[in-house]
Amino acid sequence: MNRNKNKSKNKETNLRILLDTDPEVKAAFERLSEQGQKEMLAISDKKRVPNLLSDTIFKAIFDPDVKDSLLSDFISCILGRKVKVLHSLKNEGQRHSSYSKGIVLDIVVQFEDGSICKQ
């Protein structure tokens, strides 16, 4: 039983270890809001399950500035056609309506035929 507790404790610190050893992970983590950082640590420590509907979590996972192929693959699956994310336009804090959360990730993608779309 003690062995399982030690195993669990090692898994709980994975994000914390990466924050100390991987500059890309640390930079992405530091771009998160304070609430976002708390959420990510809680998920890493297995105290919460990630909610992909959360803007903070979605952007942390699919941030095209960190790993552009993840978002490209995700959008390609949804649209049913191959796309490549060219770049993102971060518009955090800009509200599009009184109902919006104020967090927006506009992206520019290119389809296989060369056409470009901004959304």
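Me: The charged end of which residue sits over the ring of Phe 111?
Reply: This is a predicted model, in which local features need pLDDT of at least 70, side-chain atom pairs count only at pLDDT 80 or more, and totals for chains, interfaces and linings use all residues. Residues are numbered from 1 along each chain as its sequence is written, and side-chain values use heavy atoms, with hydrogens and water left out. A charge sits over a ring if NZ of Lys or CZ of Arg is within 6 Å of the ring centre and within 35 degrees of the ring normal. At 3.7 Å from the centre of the Phe 111 ring, the residue is Arg 81.

Me: In what order do the elements of the chain run from the N terminus on?
Reply: Helices (H or I, at least four residues) and strands (E, at least two) are DSSP runs, numbered from the N terminus. The chain has six helices and three strands. Their order is α-α-α-α-α-α-β-β-β.

Me: What percentage of the 119 residues of the chain count as buried?
Reply: Buried means under 20% relative accessible area, exposed over 50%, and partly exposed in between, using a 1.4 Å probe and protein chains only. In H4 the buried residues are Gly 36, Glu 39, Met 40, Leu 41, Ala 42, Ile 43 and Ser 44. For the chain, the figure is 29%.

Me: Are H2 and H3 roughly parallel or roughly perpendicular to each other?
Reply: Axes are lines fitted to C-alpha atoms, for helices over the stretch in contact, and angles run from 0 to 180 degrees between N-to-C directions. The axes of H2 (residues 14-21) and H3 (residues 23-31) come within 6 Å and cross at roughly 105 degrees. Angles under 35 degrees count as roughly parallel, over 145 as roughly antiparallel, 65 to 115 as roughly perpendicular and the rest as oblique. The two helices are therefore roughly perpendicular.

Me: How do the residues of the contact of H2 with H3 divide?
Reply: Contact means heavy atoms within 4.5 Å. Leu 15, Leu 18, Leu 19 and Thr 21 of H2 make it with Pro 23, Val 25, Lys 26 and Phe 29 of H3. Ala, Val, Leu, Ile, Met, Phe, Trp, Tyr, Cys and Pro count as nonpolar, Asp, Glu, Lys and Arg as charged, and the others, Gly among them, as polar. The division is six nonpolar, one polar and one charged.

Me: Which residues in H4 meet Leu 15, Arg 16 and Leu 19 in H2?
Reply: The axes of H2 and H4 (residues 34-44) come within 8 Å and cross at roughly 125 degrees. That makes H2 oblique to H4. The residues on the H4 side are Met 40, Leu 41 and Ser 44.

Me: Is Ser 72 buried or exposed?
Reply: Ser 72 lies in helix H6, which covers residues 68-79. Leaving aside neighbours within four places in sequence, Ser 72 is in contact with Val 83, Lys 84 and Val 85. At 6% relative accessibility, Ser 72 is buried.

Me: What is the relative accessible area of Cys 117?
Reply: Cys 117 is in strand E3 (residues 116-118). Beyond its neighbours within four places in sequence, Cys 117 is in contact with Ile 107, Val 108, Val 109 and Phe 111. Cys 117 counts as partly exposed, with a relative accessible area of 32%.
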